[in-house]
Each structure stands twice: as C-alpha cells, then as structure tokens.
Amino acid sequence: MATPVCGGLKMSPEIVLIDYGMGNLWSVRSALDFLGKKPVISGDPAQVVRANALVLPGVGSFRQATEALRSSGLDEAITEAVLGRGRKILGICLGMQLFAEYGSEDGVSQGLGFIPGRVERFSSEELGSLKVPHIGFNRVISSEQSRLFRGLNAPTDFYFVHSYRLLPAGLPGQSSTCHYGVDFLAAYEHENIFATQFHPEKSQTNGLFLLKNFLQG
C-alpha cells in the first residue's frame, strides 16, 4: 500500500506494520482493520521512520530475523523511530523477542536492545513433562498499572505459540507474566515500547481489546 501524497509531500502513515519477510502480517492486519485502522504494510525504512506508530510481528528464528532487519536497514529505522522520535511500537511474539538485547536461537545474536535481557529456549528443567513449543491459550497475570491490559479482568487468557522466552526479573516498566513450567515475560511496556509474547490477533475478544488499548496509547 502506497503512502498518500498531499501537495507533492508524502504524508506520515499512521500505523506501519513492518514487513521484514518473517511476520504473520495478514492476521495482524485483519485485526487492525476490524478495529477501524488501515495499517500500511511496508519494509521501507523511510516509511518506518515517518510512521506515527509501528507494529513488529514475527514468526521464526531470532537470528534470521535480526539478519533480515540489519540487511534491509530496518533495524536502524526502527531504532530511530522509537528511541529518536519517540514513536510507539508493539512487538508481537518473535517481534517482542527482537526487542531483547540478545537471543540464543541458532547461536547468540544481538537484538534491538529495547528490553534488557536475553531470549532463551525453555529448558527441560523448567518444563518437566510439558512440551515445547508452548501452544494454546494460557493465563496472563498483568500489572495493575498496565496500559495494554486496561479494562481487562486479570488474569486474562491469550494465545501463545513459542519455544523461547524472556524472564521477567529486574526490568524497568510494567511486566506481565505467564506460567509454563516457569514464570516468563508474557507482555512488557515501558514508555513508548509495548510487547506481547502471545498473539493478540489470535486471542479473540481479549486480543482485540488489547490492540485497541495499544492504538489508544
């Protein structure tokens, strides 16, 4: 979708859904469409920098995703938009994990560094007889000060599909947790940075409510 042009000048897109070749773009777009928003799907760093709000979805390998972001220049564009211009961003599933400092999938690689910590695979010591990946609806315990969960009754069920997780200890901002063998970071928010390990676009009414909260800021 092209960015509208007014008087020869490109207008800033309201919401950019970042396309780096590894996202579940269409289900996220459908959810945002349902809420009355029309996100621009783009892998153009210039559009990402100009956006008023960003959504970074993701499915797949941490290393492959970071390589895709770096090779396209999207890593620098996202950082400029979020840290330089203060635009809000929502990371979903792998998108949330990419906010971490490091990830260990397919070898250690550097993330965007928006969330202090490292993404590690669930260990057999943590899970016991539980299986990897963690799939299905599970209960999230949200912070009372959370903007994402505002108006939702805690605890709230959301849909997960993941084998790697961030631990919640010692983070600034608001941390919401889920338990699957161990407490892990299910959602995070700090200033203009928002993230969910679960898929709000696949979490029915609760997910749509959370997305609406993000859009309203």
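Predicted model: local features only at pLDDT ≥ 70, side-chain atom pairs only at ≥ 80, totals over all residues.
Let me start with Arg85 and Glu80, whose side chains form a salt bridge with the closest N and O atoms 3.5 Å apart, where a salt bridge is taken as a side-chain nitrogen of Lys or Arg within 4 Å of a carboxyl oxygen of Asp or Glu. Arg85 is partly exposed, with a relative accessible area of 42%, and Glu80 is likewise partly exposed, at 36%; in these terms buried means under 20% relative accessible area, exposed means over 50%, and partly exposed is what falls in between, using a 1.4 Å probe and protein chains only.

Residues are numbered from 1 along each chain as its sequence is written, and side-chain values use heavy atoms, with hydrogens and water left out.

Where do Asp33 and Arg29 sit relative to one another? They are 4 residues apart in helix α1, residues 25-34, so about one helical turn separates them; helices here are DSSP runs of H or I with at least four residues, strands are runs of E with at least two, and both are numbered from the N terminus. Asp33 counts as partly exposed at 25% relative accessibility, and Arg29 counts as partly exposed at 22%.

The other pairs Glu67 with Arg63, again with the closest N and O atoms 3.8 Å apart, and both residues lie in helix α3, residues 62-72, at a spacing of 4 residues, about one turn of the helix. Glu67 is partly exposed with a relative accessible area of 39%, and for Arg63, also partly exposed, the value is 25%.

Now to the interior. A nonpolar core here is a set of buried Ala, Val, Leu, Ile, Met, Phe, Trp, Tyr and Cys residues joined through side-chain atoms within 4.5 Å. Which residues of the largest core touch the most other members? Of its 36 residues, they are Ile18, Tyr20, Leu54, Leu56, Ile78 and Phe99, and the largest share of this core, 5 residues, comes from helix α4, residues 74-84. If we follow Leu54 and leave aside its neighbours within four places in sequence, we find that Leu54 is in contact, meaning heavy atoms within 4.5 Å, with residues including Val16, Ile18, Val48, Ala81, Val82 and Phe214. A second, separate core of 32 residues includes Val28, Leu32, Cys178 and Tyr180.

Helix α5, 94-97, and strand β11, 156-162, each supply at least two residues of the lining. By class, the lining has 5 nonpolar, 7 polar and 2 charged residues, where Ala, Val, Leu, Ile, Met, Phe, Trp, Tyr, Cys and Pro count as nonpolar, Asp, Glu, Lys and Arg as charged, and the others, Gly among them, as polar.

Finally, the backbone. Most residues other than glycine have a negative phi, and most peptide bonds are trans. The peptide bond from Val132 to Pro133, however, is cis, with omega near 5°, and Pro133 is placed in the loop between α6, 124-127, and β10, 134-141. Ala154 and Pro155 are also joined by a cis peptide bond, with omega about -10°, and Pro155 lies in the loop between β10 and β11.

As for phi, Asp106, in the loop between β7, 100-103, and β8, 109-110, has a positive value near 60°. Gln204 has a positive phi near 60° too; its place is in helix α7, residues 204-216, and Gln204 is exposed, with a relative accessible area of 58%.
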